[in-house]
Amino acid sequence: MGNRFQVKDRFADGAQYIDGRLRPGTSGRSHTVIDPATGEAVLTYELAGAADVDAAVAAAARAFPGWSAATPGERSDALHRLAAVLAEQADDFAYAESLQCGKPLKLTTEFDVPGTIDNTAFFAGAARHLQGQAAGEYSGDHTSYVRREAIGVVGSIAPWNYPLQMAAWKILPAVAAGNTIVLKPAELTPLTSLMFAQAATEAGLPDGVINIVTGAGREAGEHLVAHPDVVMTSFTGSTAVGKRVAEIATATVKRLHLELGGKAPFVVFDDADLEAAAHGAVAGSLINTGQDCTAATRAYVQRPLHDAFVARVAELMETVRVGDPFASDTDLGPLVSHAQRDRVAGFVERARAYATVVTGGEIPGGDRAAGAYYRPTLIAGAAQDSEVVQSEIFGPVLVVLPFDTDDEGLALANDTPYGLAASAWTRDLYRANRATRELKAGCVWVNDHIPIISEMPHGGYKASGFGKDMSAYSFEEYTQVKHVMFDNTAVAAKDWHRTIFGDRT
């Protein structure tokens, strides 16, 4: 890539973006962003403390009256300008995302960055369509209508697996609806969230509308969620941390949106196109090195196809090229950190005691030894109640299990605490329709797995959380619905008053 900015120069003033400018954190502690492909330091910055969160919330509170009073057209125009700025800086965003996450450049240039630009363009249009119910005389004596109003300062927390896209998913519906926001990205991967906020300022969004505080979860994150001037919290991350966020948020009766863990089933019926299913399983399980809460993690394959599926997936996985994220021929980059790599390896090593590692299950050596790499891994023969089937591994690992009847396959697919995404593979329309009805997940694909679009909602069932990102449905999280009722009679003593005082006349 030609246009690679210098990260240290870009963030020389600090890694907190408050009231339209960068500044250093005041926690007294620093953090170093590491390139997971090489283990080398990218940027050392001062972490946010409680005072930084307070300053960011105060900036957002000051900006709220003006931004919420802007017309839908004005907010739409600002977001259209933001989409244009993001498009102009697409190369920088792709480079920074690959650098901090280890994502192959082809993924950031073809998925993360264009997806974020498309999200921005979508919400630019959606800002003009925040409509309530049309006026009507539902009581006969009154005219009623519904207003949708901005709710105030939103405090959001985004994860490290898709830093740019998750920042956009949090920020865009909030500000399109007229709210202001303080976002805490993961301290591992703050670069593109900060760049997104800077781009918004360049696009003309007022100072304080979008603020970024980069700090540790227990200090900056919990203080943000508990802050009395924050009226809503949106969190994406693990179910365990989501429970903690919910505990803090409910103490101050905040509105809460949670997008939590996943363990997506990939159900292959015996009439499925085997080649399509095998290719889909490899792509769906390895996207973002498996660090995707909707990634295919549990393949349930009807017994007549099971062995052939295992053999073909293993064959395809062995063709996946693990390497430098910036090399054009790299398919799979490192995990986000050595700690995450070791966590994934631990799952696989423990599974050897009760299952078969068909392919992978190795930390590469040689010129990959310094990075957080792990080979694509296929596991067969695990029991339904085993750790690798029930727990979120969050790495390039796919587990395959057989089933006999359709009833059994769907029951096994639903047999985890999670319900974020699922897919069904079949040529039979009735099987497909049944699967889409019975799979307990917020998104069900048929004969594909992973694609998302800005116009459709993303969110889960069960322990995967509640509420929606993307689409017009996300405005349900970020707006307050108000019923307005006008008396049409001009009568002083109304008939219903007699139920409180006096007699009917």
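How many nonpolar, polar and charged residues are in the lining of the largest pocket?

1. The lining has 22 nonpolar, twelve polar and nine charged residues. Here Ala, Val, Leu, Ile, Met, Phe, Trp, Tyr, Cys and Pro count as nonpolar, Asp, Glu, Lys and Arg as charged, and the others, Gly among them, as polar.

2. This is a predicted model, in which local features need pLDDT of at least 70, side-chain atom pairs count only at pLDDT 80 or more, and totals for chains, interfaces and linings use all residues. Residues are numbered from 1 along each chain as its sequence is written, and side-chain values use heavy atoms, with hydrogens and water left out.

3. The largest pocket has a volume of about 980 Å³. Of its 43 lining residues, P159, W160, T236, G237 and S238 are the closest to the centre. A pocket is an open set of points on a 1 Å grid over the protein atoms alone where a 1.4 Å probe fits, with protein on both sides within 12 Å along at least five of seven lines; lining residues have an atom within 4 Å of a point.

4. The second largest pocket has a volume of about 450 Å³. Among the 18 residues that line this second pocket, those closest to its centre are K106, V282, A283, L286 and D331. Its lining comprises ten nonpolar, five polar and three charged residues.

5. L82 is in contact (heavy atoms within 4.5 Å) with T120, L172, F196, A199, A200 and A203, leaving aside neighbours within four places in sequence.

Note on methods
Points joined across faces, edges and corners; volume = space filled by probe spheres on them.
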